[in-house]
Amino acid sequence: MLHKKNQRVDWEPFLAGISKGKTTIEYGANRHIFSQGDSADSVFYLRRGKVKLAATSEQGREVIVAILGDGEFFGEGCLAGQLLRVGTATAIGDCTLVRIEKPLMMRMLHEQQDVSEMFVTHLLSRSIRYEADLVEQFFDSSEKRLARTLLLLAHFGKESRAETVVPRVNQKNLAQMLGITRLQVRHFMNKFKKLGFIDYSGNGGLTVQSGLLSVVLHD
């Protein structure tokens with residue numbers, strides 16, 4: 001089931017109040033923000049853009065854990081004792097990030113109750129979303145899971161009836177996220193296009209129409 005997003009927290013006033021221990025960084029498409037095995041010494045806030053979180057097995061198989069959008073934190077494992085990054089974070093398109101050093105973030109969470117409460121709420125909301133994704137891996141069809149993923153990537157629930165997904169979220173990425181083949185993704189994408197639920201723009205972007213929700217809600 002597709003849940004509407006809760007009202008998003010505005011983290012900008014919080015970030016503006018930090019004078020030391022933070023760095024604003026610009027990343028271009030396909031650049032690694034951190035790699036699996038790197039030292040876990042900071043938390044990142046995604047101000048603008050999309051970031052792919054992925055893990056690679058010893059055999060070299062990559063699994064996409066999540067695609068993050070504006071207003072999300074990642075790399076917070078360092079706050080729970082994680083010494084090394086367990087996955088790789090990659091910019092899908094042009095991104096603006098704020099890097100917050102671990103000691104500073106831990107101190108603020110300890111000293112500022114309002115910040116701590118907002119951060120915990122943010123992490124719990126994301127955990128619930130991941131749990132829902134895991135349940136759907138077992139019970140929902142591949143077609144329904146693909147439709148739900150496209151709606152999430154298009155930030156379904158905003159006022160506009162159509163949103164453009166970043167062009168570099170390609171069929172290979174979608175297949176890795178859902179644990180299905182690229183052939184299956186291509187088949188369902190073609191079906192969605194014929195039904196008018198998605199369309200490809202001239203610059204390679206993908207437009208997702210709210211009508212795609214009917215696939216998710218259909219039993």
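# Rings, cores and strands

Mentor: Let's start with the rings: one aromatic cluster is formed by Trp 11, Phe 14, Tyr 45, Phe 73 and Phe 119. Keep in mind that this is a predicted model, where local features need pLDDT of at least 70, side-chain atom pairs count only at pLDDT 80 or more, and totals for chains, interfaces and linings use all residues. Residues are numbered from 1 along each chain as its sequence is written, and side-chain values use heavy atoms, with hydrogens and water left out.

Trainee: Why is the pair of Phe 44 and Phe 74 called stacked?

Mentor: The ring centres of Phe 44 and Phe 74 are 5.4 Å apart and the planes sit at 10°, so the pair counts as stacked. Phe 44 belongs to strand S3 and Phe 74 to strand S6, 30 residues apart, and the pair links these distant parts of the chain. (Strands are DSSP runs of E, at least two residues, and helices are runs of H or I, at least four, numbered from the N terminus.)

Trainee: And why is the pair of Tyr 45 and Phe 73 called tilted?

Mentor: Here the centres of the Tyr 45 and Phe 73 rings are 5.0 Å apart and the planes are at 55°, so the pair is tilted. Tyr 45 is in strand S3 and Phe 73 in strand S6, so this pair ties together parts that are 28 residues apart in sequence.

Trainee: How do you know whether Tyr 45 is buried or exposed?

Mentor: Buried means under 20% relative accessible area, exposed over 50%, and partly exposed in between (1.4 Å probe, protein chains only). Tyr 45 has 5%, so Tyr 45 is buried. Phe 73 has 0%, so Phe 73 counts as buried as well.

Trainee: What makes strand S3 largely enclosed?

Mentor: Five of the seven residues of S3 (residues 42-48) are buried, so the rest of the structure largely encloses this strand.

Trainee: How do you know which strands pair with S3?

Mentor: Two strands pair if DSSP finds at least two bridges between them. S3 has six bridges to strand S8 (residues 95-101), running antiparallel, and three to strand S6 (residues 72-74), also in the antiparallel sense. Tyr 45 stands opposite Val 98 in S8, while its bridge partner in S6 is Phe 73.

Trainee: What makes a group of residues a nonpolar core?

Mentor: A nonpolar core is a set of buried Ala, Val, Leu, Ile, Met, Phe, Trp, Tyr and Cys residues joined through side-chain atoms within 4.5 Å. The largest one has 26 residues, and Leu 146, Leu 150, Phe 192 and Leu 212 touch the most other members. Elements giving two or more residues to this core include strand S5 (62-68), helix H4 (142-153) and helix H6 (182-194). Helix H4 supplies the largest share, five residues. A second, separate core of 17 residues includes Tyr 45, Phe 73, Val 115 and Phe 119.

Trainee: Why is Glu 143 called buried?

Mentor: Its relative accessible area is 18%, so Glu 143 falls under the cut-off and is buried. Glu 143 lies in helix H4. Leaving aside neighbours within four places in sequence, its contacts (heavy atoms within 4.5 Å) are Phe 188, Lys 191, Phe 192 and Val 215. Glu 143 and Val 215 are 72 residues apart in sequence, but 7.9 Å apart in space, C-alpha to C-alpha.

Trainee: Why does Lys 52 count as buried?

Mentor: Lys 52 has 15% relative accessibility, so Lys 52 counts as buried too. Its place is in strand S4 (residues 51-56).

Trainee: Which residue counts as exposed at 56% relative accessibility?

Mentor: Asn 30 does, because 56% is over the exposed cut-off. Asn 30 sits in the loop between strand S1 (22-27) and strand S2 (32-34). Its phi is near 70°, a positive value in a residue other than glycine.

Trainee: What makes Arg 85 a charge over a ring?

Mentor: The rule asks for NZ of Lys or CZ of Arg within 6 Å of the ring centre and within 35 degrees of the ring normal. Arg 85 lies over the face of Phe 34, at 4.2 Å from the ring centre.

How values were computed:
Rings of Phe, Tyr and Trp (its six-membered ring) pair if their centres lie within 6.5 Å; planes under 30 degrees apart count as stacked, over 60 as edge-to-face and the rest as tilted.
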